[in-house]
Amino acid sequence: MTDNRQSETNNETHYLGLLSKLFPTVAEASTEIINLEAIMHLPKGTEHFLADIHGENEAFQHVLKNASGNIKRKVNELFGNSLRESEKKELCTLIYYPEQKIELIKTAEPELVDWYHITIHHLVRVCRDVSSKYTRSKVRKSLPADFSYIIEELLHENVDDTNKAAYVNVIVDTIITTGRADDFIIALCNVIQRLAIDQLHILGDIYDRGPGAHIIMDIMQDYHSWDMQWGNHDILWMGACAGNDACICNVLRLSLRYANLATLEEGYGINLVPLATFAMDTYGSDPCEEFVPKLNKNTAIDEKTVRLIARMHKAISIIQFKIEAQIFCRHPEWGMDGRNLLGCIDKQNGTCTINGKEYKMKSSNFPTLLDDAPYKLTAEEEILMQRLHHSFAISEKLHRHIKLMLSHGGMYAIYNSNLLYHAAVPLNADGTLKDVTLHDGKTYNGKELMRQIEMMIRSAFTSDTAPELRDYATDYFLYLWCGKDSPLFDKSKMATFERYFLTDKETYKEEKGYYFKLRDDETVCDHILDAFEVNGTNRHIINGHVPVHASKGENPIKAGGKLMVIDGGFSEAYHNETGIAGYTLVYHSRGFQLVQHEPFTSTADAIKQGTDIKSTTQIVEMSAHRMLVADTDRGAELKGQIADLKKLLYAYRHGIIKERRQ
């Protein structure tokens, strides 16, 4: 026991010796304690939660720029009746899109110098407000180098102070007379945008359906503070990047289904010419009616292109079903052989037999389906897949974006007593955590299941992974996409084949897992939170994945407030289904607010006409007191740092460690 105590003392002395290199004197250690204690008493930073963005880059970018309507609310609070509604609207649009708005104003504003004066003072007021909950040090780090000193001076001086009014006015005058007004306004607007959101949480599904997933990832590459929990559509693209050919086929199929080729071709340089050539050669006389793409109202495609996309859609779907069957046969432990349906087709009779029951097919034109080997690719299909595989393998930008998702993301996260994941935690019928068998033959559930899956995903991209494990991990992306016990899917099946080919709609049903049946039960949610070791009196689960049908009265707040589902249909493809265009959950120092968004028209309309996303705010949960940094995870870290610094002070004052005076 004595030896153990001596060892602990030696370890602590060693640690304090290392800490003394950062704070070499009593004065410096004391100053840092004062600084950290002060930070603990600042208001908690504002967190924003978004889910299921699905490539809607313009709407996503606008929500970031307007901070889910928070900037507009601040402008209204600050200027009230002192500005007309049109002037407040102009100011907000300027903050969101400064470069474009300035160019419009310069063509129409006769008194540009006056406009510069008034606008800079207004922007400084807004910036002062959004920066008020941060330390000067943190604000300083957010400022652009060119204007850091000037902005800092303006933020901490007041024109109402008669002693400083002339000083402030001269700064603004000089900015204008030196021709830097445009650059200064742009810089100030960007600072406001940045400080309005302290931390951004993306709860999965950046990819598929919309046209700009690659643009969203470009934005995130430079975003100041964010994390994400991978969604099933993200996993599909990760699998494609890792070399899973079934994932490549699914990525292509979904892109063709929504006539969304911009991300593939323009974003990642994927060459679709071989697929188009193969499709025309193989299905040129097939109308492929089941594969006509789902077009949004803004999609302008001529009939000839629609026909080509439909044929490409069918071609890649057949190849997908073949490759999926090959992977499922390699892994009988997954129990997915029931999804191998190409071998159940009777082309002569136009039927498909599933579980002993015969179903009529919509069409039975399968020129590449070999009677004796239905899951074998033809020579032409093999060559096509080699070319597509190569195209994904050499896409530098795709690999860079997936690496970004790996560095910022995971299967789940816990932030400030909130458990974040995209879809589900596999459960049994009684609400207990379900045991799921993984590659090592062991069973895992809950938190450990999520952790093991995340490690497997990462192993597919790690150079020192054993080849056998990497091959399994690469295959496993397909199970995560459509496997019954996948935390990213959690349904009985993915009825893609049935929807395309069978007339009986009963076969389309995908029975949801027990998580979705039981998630409104507060006891079940508490059990999940306990299993993930989420502490706190006001703890929550926050996820997305399944769109909330607001138009039918469905409430996104479930289980007595313990669970918040924030997939409200961000994607345009879901607008008619959900009746809205997505949610943002905002967690600030006063509590939770759920922001319900109406559809976004376009960036061009926002700039020219000042249109904003119309949003409705619902108060979900308000705190009895204003939350401070001390009440957060960051506060717990700071408390630990303060305790260590106090030990260092003790060591200095008792001669255990000597001060390092210069």
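**Terms and cut-offs in a predicted model**

User: How many aromatic pairs does the count come to, and what makes two rings a pair?

Analyst: The count comes to 24 aromatic pairs. One of them is formed by W237 and Y268, at 5.8 Å centre to centre with 55° between the planes. Rings of Phe, Tyr and Trp (its six-membered ring) pair if their centres lie within 6.5 Å; planes under 30 degrees apart count as stacked, over 60 as edge-to-face and the rest as tilted. The model is predicted: local features need pLDDT of at least 70 and side-chain atom pairs count only at pLDDT 80 or more, whereas totals for chains, interfaces and linings use all residues. Residues are numbered from 1 along each chain as its sequence is written, and side-chain values use heavy atoms, with hydrogens and water left out.

User: Why is the pair of W237 and Y268 called tilted?

Analyst: The distance of 5.8 Å is within the limit, and the angle of 55° belongs to neither the stacked nor the edge-to-face class, so the pair is tilted. The two residues lie 31 residues apart, W237 in helix α13 (residues 232–242) and Y268 in helix α15 (residues 262–268). Helices (H or I, at least four residues) and strands (E, at least two) are DSSP runs, numbered from the N terminus.

User: Are W237 and Y268 buried or exposed, and how do you know?

Analyst: Buried means under 20% relative accessible area, exposed over 50%, partly exposed in between (1.4 Å probe, protein chains only). W237 has 2% relative accessibility and therefore counts as buried. Y268, at 4%, also counts as buried.

User: What is in contact with H214, and what makes H214 buried?

Analyst: H214 is in helix α12. Contact means heavy atoms within 4.5 Å. Not counting residues up to four places away in sequence, H214 touches A262, T263, G267, Y268 and H401. Its relative accessible area of 8% is under the cut-off, so H214 is buried.

User: How do you know which class of accessibility C241 belongs to, and what does C241 touch?

Analyst: C241, in helix α13, has a relative accessible area of 7% and is therefore buried. Leaving aside neighbours within four places in sequence, C241 is in contact with L398, H399, I402 and F461. The C-alpha atoms of C241 and K403 are separated by 9.9 Å, although these residues are 162 apart along the chain.

User: How many disulfides are there, and what makes a disulfide?

Analyst: The count comes to zero disulfides. For C288, the nearest cysteine sulfur, that of C249, is 16 Å away. A disulfide is a pair of cysteine sulfur atoms within 2.5 Å. C288 is buried, at 0% relative accessibility.

User: What makes K44 a charge over the ring of Y587?

Analyst: A charge sits over a ring if NZ of Lys or CZ of Arg is within 6 Å of the ring centre and within 35 degrees of the ring normal. K44 lies over the face of Y587, at 3.9 Å from the ring centre. The charged end of K314 sits over the ring of F366, 5.5 Å from its centre. F366 also belongs to a cluster linked by ring pairs, together with F291, F321, F497, Y500 and F501.

User: Why is α14 called oblique to α21?

Analyst: Axes are lines fitted to C-alpha atoms, for helices over the stretch in contact, and angles run from 0 to 180 degrees between N-to-C directions. Angles under 35 degrees count as roughly parallel, over 145 as roughly antiparallel, 65 to 115 as roughly perpendicular and the rest as oblique. The axes of α14 (residues 245–257) and α21 (residues 467–482) come within 9 Å and cross at roughly 45°. The pair is therefore oblique. A246, C247, N250, R253 and L254 of α14 make the contact with F477, L478 and W481 of α21.

User: How are α5 and α11 oriented to each other, and why?

Analyst: The axes of α5 (residues 85–96) and α11 (residues 181–196) come within 8 Å and cross at roughly 90°. The two helices are therefore roughly perpendicular. L94, I95 and Y96 in α5 meet I185, C189, I192 and Q193 in α11.
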